[in-house]
Every structure is written in structure tokens, then in C-alpha cells.
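Colleague: Could we go through this model together? I would like to begin with a ligand site.

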Amino acid sequence: MDDSGIKKQNWDITETEVFLDILKNLDMKKCRDGRKVRNHKVFTMAYNKMFAAGYHRTVDQLKFRWKLLKSTYYKVKRDPNSPALNKVNGWFRYEKAMVEIMDAEQSVVEVEVNHSRNNSDDGETSSLHWTQPCEESTSRSPDATTSDTETLHSRCGGRLVEGPLAATQENNVQAQSMLQVKMEPQLKVGFIGAGNMAFGIAKGILSGDFIPGNIKVSAPSSRNLDKFEELGIAVTHSNVEVVCWSDVVFIAVKPHLIYVVLNEISRYVTDRHIVVSVAAGVTLAALEQLLPDSSVIIRLMPNLPCVVQEGALLFARGSHAKQEDANLLRSLLHRCGLVEEGPEDWIDIHTGLSGSGVAFVYLFAEALAEGAVKMGMPSALANTIASQTVLGAGRLLRDSGKHPAQLRSEVCTPGGTTIFGLHSLEQGGVRAATMSAVESATNRAKELGLKSTAMK
Ligand SMILES: NC(=O)C1=CN([C@@H]2O[C@H](COP(=O)(O)OP(=O)(O)OC[C@H]3O[C@@H](n4cnc5c(N)ncnc54)[C@H](OP(=O)(O)O)[C@@H]3O)[C@@H](O)[C@H]2O)C=CC1
Ligand SMILES: O=C(O)[C@@H]1CCC=N1
């Protein structure tokens, strides 16, 4: 039996080959963005074709088989010499087909198959290769005189088309939806750090038309890389490779690692790059000192709900970042949620209010549910209702444009249930505690900033 994926369903080699052939012809590569509806359509078509070929699998079985094949593909790609993979008998038979399906739109990361190896069932090593990072520093010339427009053109590889409204701080919200900075598809976006925040931003960006093959992520270990690969994003362990490959580079490592990472990549940063740091507390001044003179740097504070396109993001521009750079960043991030620009002083405050603020809301949601459990509701239902309550309250607050105090009073019936509950909250000092939470988180961000300056 073939065991290169799923034993329980007893797929044999011919059936797997037929399946992969069908997926290839259905242009499976278009489904690598992980969109459920589109994926389901393709698998339904695959089901019909498999059925016509005499193989009776359910759509779910086909999806599962594909998932396992993909997972093996990524493992081979990441670690071609892993002894564990030698045990995956039969994998080599599918490798060529998998590469053909998966290799779409990854012109920089070349994946190639060496067909000359021997076809024994064990002891084989794969020959899927990553390209090497750039070998020479392409660092910025200190007296570079490239105009802003030229710089942007070289970043985007193409056109900048502004919409009817320019984005100013004052008309920010409306401008954001009207601003049309058309980016050429070859704009390359890199992430250094593959953690929660990098994933959130990448997911947000990909919810638009952005092509996953134009994103690359690096991290020292592989533990977080699978979920990026699942989205069709290229991964590597080399930070330098990400910088050399990208136009916009997000630095998404913990604040205490900023110094190490920027030291490592600094000489590869050129005037083609926009470097965007999301590290809490790390100031533009600190970033500018660690990168070459006249580097275009933006300090961004996102929050986790970027994953579901409901983030709240605030950024501040470094001294060499122009309006065009801000427009480009907005255009890239607008699918992540609300994107605002402000003075750098507000970034630490936004960190307390929103970056950390989401965790405060989760704590409140958890406490709401626990209250219901205390009163006898099953925990699962209580959690579901608590999350829907927070979601509904948030949406109404945002969409109505009303002040929270007004909405609160609309819920309160005189002498009714809500005012009794609110009284208890006030007795518990919830308002003061919440204000203190934002204050403490803001102050902590400032502290982290001072530490990062001291580390230089
Ligand atoms: N989480 C949040 O809600 C928010 C976080 N932020 C900021 O985002 C940044 C990242 O936080 P978060 O995503 O939560 O952190 P995580 O711990 O989830 O991720 C950190 C990532 O950095 C990687 N890393 C560690 N060392 C290096 C290195 N030398 N080179 C490249 N990558 C490295 C880790 O690699 P590996 O996978 O191998 O461990 C990991 O992928 C922080 O600065 C934080 O202040 C900002 C707003 C909100
Ligand atoms: O807790 C932190 O430091 C990061 C920054 C904002 C949210 N998480």
C-alpha cells in the first residue's frame, strides 16, 4: 500500500496520480490562498472527475488527501534531507506533480526537481531547493538622489494612481476608502518574524487581491512556518533573504530582538525598501540609528484582529518616509482594518488602548461568560454568547457612531436589570481599573522604548 499520506483511506498510487492530474488541470494553484468557497468548488469539480474516472471518494476525503500531500510537500521542501521523509514510501512519485501544482507564481523561490535520482522506495533525499539569499550588500548610497516618485516606482515596480482624495490626517477615514494606490502585482512584502502579529497582518493583506507568492516570511525555527505555507506564502530561515527579496519589510520580532535583527539586515537595506517595525515601544529614533542613513522607516502598531480584517492600526512615519510611502502602506494594509496615521507620541498610547486593549476585552468576555456559568449556564454556550455579545456591542458602537455612554443608556431600563449590573461594575471599580490598564500598558511601551535605546 502507498503510505505517502493517508493510510486509513487506502489510496493507491494510481488513484493518487489520477487525483493530482485532475487537480493540476483544474488549476489548483489558484486555490492556494485558502479561500474556503473557491476551494470547495474545486474539490467538488475534482469529485465529479474522480467519479467519472471510477474513484468514489467524498469531497471531504479529497480535501483531506490533498492536505496530507501538501503537508508532505512542505516538509520535503523545508528539510529535504530529513530521515523521517525517507520512510514516506512512494512520495517521489508525486513530487513532480506536486511541484507543478504548488510552484505557481514563486519566481524568486525556485523549486526544482532533480529527476536524475534513483527511484528506490527508501533512502532517497529530495531535491527541492530554496534559492540562496543575495550574496552582496546592496546598501544605500549615502548621496542617493532618487526622487520620491522614482523611489515609489522602483518599490512598486510600477504605477502610483491616487484617487480623488489625498489621504490627510484630518479626512483620514473617508480618504482611506477612496484612496486608490494601485500597486503592481510584483510588489514584494517580507516579514521578519513569523509569530502571531506577522500572521495577522499577512492574513489581512491576503484578504484582498494580493498574491501569496509575493510574500515571504523568515523565522529561526520552523514551528510557526506551516501556517504561512498553508496560505501559499514562501518561507525561509534567512532574514537577509527576506530583505533582499522584498520592497516592504515588516519587522515582527519581539522588541528585545530588534537590535540583533536590524544589525543583521542593516547592510542589505537600500533605498528601494520601506521598513515597517511593529515592535512595541521601539522608537523611530532607535530604528533610524540602527539602519543606514536615510532609510525609509515606519513605526506601526497593529493589533491581533487584523487576522479577521478588523484590526485597528496606527502608524507614524520616520524622518525619510514620505506621503507616498504612507499611501503605499495604507493601500497594503487597508484590508487589515482601520488604518490611521498619527504623531509618534500616540503610538505608545495606541499600544495600551488597542494593541493590548484587545486582551482587556478578552478578559472582560471571559468574565462575562464565567458570570453566566456561575448562574448555571453551560460553559460552551456561555462563551459563545459572550463572544457574540462583545462582537455585537463593538459593531453597533462603531457603525452607529454614537458615544458609548449613549448606547449604554439605551440599554438601561429605569429600575431594570442593566442598571443593577452596572452598579456592581462601578462598585468593583471597572472604569478606573480599565483606565489604569491602558495607562500601565502605555507606560510599559515607553519603558520598552527606553530599553531598546539603551541596548544600542
Ligand atoms: N501579539 C500582538 O497582539 C501584538 C504584537 N505586537 C508586536 O509584534 C511583535 C511580534 O510579536 P508576536 O507576533 O506576538 O510574537 P511571537 O512570539 O508570536 O513571534 C515572534 C517571532 O519572531 C521570531 N524570531 C525570533 N528571533 C528571530 C530572529 N532573530 N530573526 C527572525 N525572527 C525571529 C520567532 O521565531 P520562531 O517562530 O522561530 O519562534 C517568532 O516567529 C512584537 O514586537 C510585539 O511588540 C504588536 C501589536 C500586537
Ligand atoms: O503585549 C505586548 O507587548 C504586545 C504589544 C501590544 C500587544 N502585544
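Colleague: Which residues surround ligand 2?

Modeller: In this predicted model, ligand 2 is surrounded by A280, T351, G355 and S356, each with a heavy atom within 4 Å of the ligand.

Colleague: And how much of ligand 2 does the protein bury?

Modeller: Ligand 2 exposes 240 Å² when taken alone, and the protein buries 49% of that; areas come from the Shrake-Rupley method with a 1.4 Å probe.

Colleague: What classes of residue form the shell around ligand 2?

Modeller: The shell has three polar residues, one nonpolar residue and no charged ones. Here Asp, Glu, Lys and Arg count as charged, Ala, Val, Leu, Ile, Met, Phe, Trp, Tyr, Cys and Pro as nonpolar, and the others, Gly among them, as polar.

Colleague: Changing topic, why is helix α8 described as largely enclosed?

Modeller: Nine of the eleven residues of α8 (residues 196-206) are buried, so the rest of the structure largely encloses this helix. Buried means under 20% relative accessible area (1.4 Å probe, protein chains only), and helices are DSSP runs of H or I with at least four residues.

Colleague: What covers those buried residues of α8?

Modeller: The cover includes β1 (189-192), β2 (215-218), β4 (248-251) and β6 (296-301), together with α9 (225-230) and α13 (323-333). Among the residues covered are M197, F199 and L206.

Colleague: How many of the protein's residues are buried overall?

Modeller: Buried residues are 45% of the 456 in the protein.

Technical notes: Residues numbered from 1 in each chain as written. Chains lettered and ligands numbered in written order. Predicted model: local features only at pLDDT ≥ 70, side-chain atom pairs only at ≥ 80, totals over all residues. Heavy atoms only, no water. Buried < 20%, exposed > 50% of the residue type's maximum accessible area, 1.4 Å probe, protein only. Helix = DSSP H or I, 4+ residues; strand = E, 2+ residues; numbered from the N terminus. Contact = heavy atoms within 4.5 Å.
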